[in-house]
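Here are some notes for your review. Please go through them with the structure open.

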Amino acid sequence: MTLTTHLPTKLPANLVRFPYSRNDLLPLRPNILWRIEWGTVRTLTRSEEGTVVTLGYWGTGDVVGHSLSRLQPHQMECLTSVEVVRIPSHNWDQVLNEIISHLQQTEELLSIVRNERVYQRLQQLLVWLGNKFGRPVPSGKLIDLRLTHQSLAELIGTTRVTVTRLLKELEEEGTIIRQQRHYIILRD
């Protein structure tokens with residue numbers, strides 16, 4: 001599975017950058033998309049039972065916005081400090097590549113979570129996250145996100161306990177190295 005990459009579109013210089021802190025929610029505004037200039041955002045909804053359903057993780061150059069979803073509720077949570085640019089609908093043609101990339105990444109994640117074996121879901125998700133957010137380190141590729149077992153479980157539709165067990169298996173196999181509490185290195 002390959003993650004498509006794109007070059008951020010050059011936007012008009014008069015667009016204002018908005019800073020947000022970790023755990024802030026980006027405003028849900030009709031006819032507005034937010035392009036992430038730096039930082040990481042998680043989009044999510046909740047099931048009828050109140051369970052968090054993670055829809056995606058988004059980083060520098062990606063666009064997010066309520067207009068890209070029909071789900072209610074829909075939230076965009078800042079996982080780190082974030083800086084975004086507001087893109088009004090009359091400028092969406094200028095971020096068409098980013099919108100297409102958003103759709104492609106959503107399909108990639110859907111393909112991962114539809115895998116019948118939870119072990120494979122987790123393994124494929126870690127590769128996806130490594131390709132999107134990873135950076136090379138001497139022992140492999142560091143997934144540079146604070147990932148909890150719960151957040152991984154929410155993304156692949158399983159329990160935190162199952163993720164904990166499977167991460168231990170992946171570590172014993174030498175597929176990953178866990179550093180500190182939340183960081184994972186994919187082995188070369």
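1. One rule first: the expected span of a helix is 1.5 Å times one less than its number of residues. The model is predicted. Helix α4 covers residues 160–173, 14 residues, so it should span 20 Å. Its end C-alpha atoms are 20 Å apart, which agrees.

2. Which residues of α4 are buried? They are T162, V163, T164, L166, L167 and L170. Packing partners of the buried residues are α2 (118–133), α3 (149–156), β10 (176–179) and β11. G174 follows α4 and has a positive phi, near 85°.

3. Confidence. Mean pLDDT for the protein is 90, with 91% of residues at 70 or more. Among the elements, strand β5 (residues 63–64) has the highest mean, 98. Strand β11 (residues 183–187) has the lowest, 79. Keep that in mind for the α4 packing, where β11 is one of the partners.

4. The start of the chain needs care. Over residues 1–8, pLDDT stays under 50. The model still has 21 contacts beyond four places in sequence for residues 1–8. Where pLDDT is low, the predicted coordinates should not be read in detail.

5. Check the peptide bond from Q72 to P73. It is cis, with omega near -5°. P73 sits in the loop between β5 and β6 (75–78).

6. Two asparagines deserve a look. N23 has a positive phi of about 80°, and N31 has one of about 65°. N23 is in the loop between β1 (17–20) and β2 (32–38); N31 lies in the loop between β1 and β2. N23 counts as partly exposed because its relative accessibility is 47%. N31 is partly exposed too, with a relative accessible area of 46%.

Key
Residues numbered from 1 in each chain as written. Predicted model: local features only at pLDDT ≥ 70, side-chain atom pairs only at ≥ 80, totals over all residues. Heavy atoms only, no water. pLDDT = per-residue confidence, 0-100. Helix = DSSP H or I, 4+ residues; strand = E, 2+ residues; numbered from the N terminus. Contact = heavy atoms within 4.5 Å. Buried < 20%, exposed > 50% of the residue type's maximum accessible area, 1.4 Å probe, protein only.
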